[in-house]
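Thank you all for making time today.

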Amino acid sequence: MRPERVSRWFVTVSALFFVSFHAAMAVAAPRRMVVTLGLYGFVLHVLFGKAYALVPSYFDRDLAWELGPAVQFPLSVLGTTGLALTPLGPPWLRPVGTALWVGGVAVFLGTLGWTVRDNVTGAATGTGGANAHREPVDRTANVAVPIALCYLTLAAGGALATTAGFGSVLPQQLSHLLAAGTAALFVFGVGFRLFPRFLVAEVPQPVVVVVVAAGAVGPALLGFGLFDRRLLLTGGIVEAVAVAGFTLSYLVLFLRSERRRVGFYAVLVAVVAGVVGIGLGLALAVTGRSPALVSAHYRAMLAGFLGLTVVGAAFQFYPPAVGVWPYADDRTALVTIGLLGGGIGIQLLGLIGRFGWIRSVGTAGGALGALLYTYLLLAAFARRWQ
């Protein structure tokens, strides 16, 4: 079975988890369910699918095991579903969901690890021809990928050990290792390879070095210093450098580029949300764990920074205008971005200002935006099914 086809399975189920994530926020589901649907379901599934498609070529290699994606897919989907339902279901859901999810991660790590085993640092980039001048940036960006895989390994091992009773890694620590350590590092590494090509512009290499270095160190400080205010603040500052540097680099690319495709606007909103989310995280490290600030922080990072970055990249890989269903076009995509970006902005105002009705408006807008995103994605895939 072709990896490209299974990659679309991951992207499709990721979109369905995206809808569930926003629906869970709208009905005020338990925080652990919301985070699991957004991080494990939406973000990590699209990461898995696109990593299988992109990482081998970025490391100038062929995928070591073509059946790997198909083997991982049911394990990850069922495992994530079990973990999401844990707050509402029977006690056995957590160990079963964890075992399935870790099994899927093991397949992913084994497949990609064996693929890049003789090029672990990404020194061979597969960059050439008209893009030969991008090789220094590509080589630096590649370094982020194995570090992200190490964080994924650490998180999966911690989850399994905790479930088996051999240790105690808290859900908040796992979330930071996965969101900041795996997902954000993938955004930095893959983003520095994709976005300069998409926008046909250049990004300064020193900024790439700073972002990758800070992005590699920050998650460890956040994950292991979660209950040490000084270490947490240090980690927050380091991670803020990474996110701010990535934001600056994207703004430079956007302003230098003459291209204005719809997906670029989603990433523009995403990086702004990332700066806001990092600011909220720093406020948490300084002032303590206000429940409203905690909710605002993880929503800004999951639904805003990571979520809208995924949406923007997806609209570039699968342009809405190629969709074969009614209203599948760039105008609907802009409405989708507006609903998702505006929805998270309104939610943050409601959470910080403690206006419950405003928060409800934001979650409703986000849920509608997630539905439209899924519609546009499936409309684009439907062309391949004809």
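Let me begin with the words for directions: angles under 35 degrees count as roughly parallel, those over 145 as roughly antiparallel, those from 65 to 115 as roughly perpendicular, and the rest as oblique. What you see is a predicted model, in which local features need pLDDT of at least 70 and side-chain atom pairs count only at pLDDT 80 or more, while totals for chains, interfaces and linings use all residues. Residues are numbered from 1 along each chain as its sequence is written, and side-chain values use heavy atoms, with hydrogens and water left out.

Helices here are DSSP runs (H or I, at least four residues), numbered from the N terminus. Axes are lines fitted to C-alpha atoms, for helices over the stretch in contact, and their angles run from 0 to 180 degrees between N-to-C directions. At what angle do α5 and α6 pack? The angle is about 160°, and the axes of α5 and α6 are 8 Å apart, so α5 and α6 are roughly antiparallel to each other. In the contact of α5 with α6 there are 18 nonpolar, 5 polar and 3 charged residues, where Ala, Val, Leu, Ile, Met, Phe, Trp, Tyr, Cys and Pro count as nonpolar, Asp, Glu, Lys and Arg as charged, and the others, Gly among them, as polar.

Rings of Phe, Tyr and Trp (its six-membered ring) pair if their centres lie within 6.5 Å, and planes under 30 degrees apart count as stacked, over 60 as edge-to-face and the rest as tilted. The structure holds 21 aromatic pairs, and one of them joins Phe 195 and Phe 198 edge-to-face, at 6.2 Å centre to centre with 65° between the planes. Because Phe 195 and Phe 198 are 3 residues apart in helix α6, about one helical turn separates them.

Now to the spaces, which are found on a 1 Å grid over the protein atoms alone: a cavity is a set of points where a 1.4 Å probe fits but cannot get out, a pocket is an open set with protein on both sides within 12 Å along at least five of seven lines, and lining residues have an atom within 4 Å of a point. Grid points are joined across faces, edges and corners, and a volume is the space filled by probe spheres set on the points.

How many cavities of 30 Å³ or more are there? The count comes to 2. The largest cavity has a volume of about 370 Å³, and its lining of 22 residues has Val 46, Lys 50, Val 190, Val 310 and Ala 313 nearest the centre. That lining divides into 19 nonpolar, 2 polar and 1 charged, with α2, α6 and α10 each supplying at least two residues. The second largest cavity holds about 30 Å³, and its lining has 8 nonpolar, no polar and no charged residues, among them Val 55, Phe 59 and Leu 112.

Finally, the largest pocket holds about 760 Å³, and of its 30 lining residues Gln 172, His 176, Leu 226, His 297 and Tyr 298 are the closest to its centre. The largest share of that pocket's lining, 7 residues, comes from α10.
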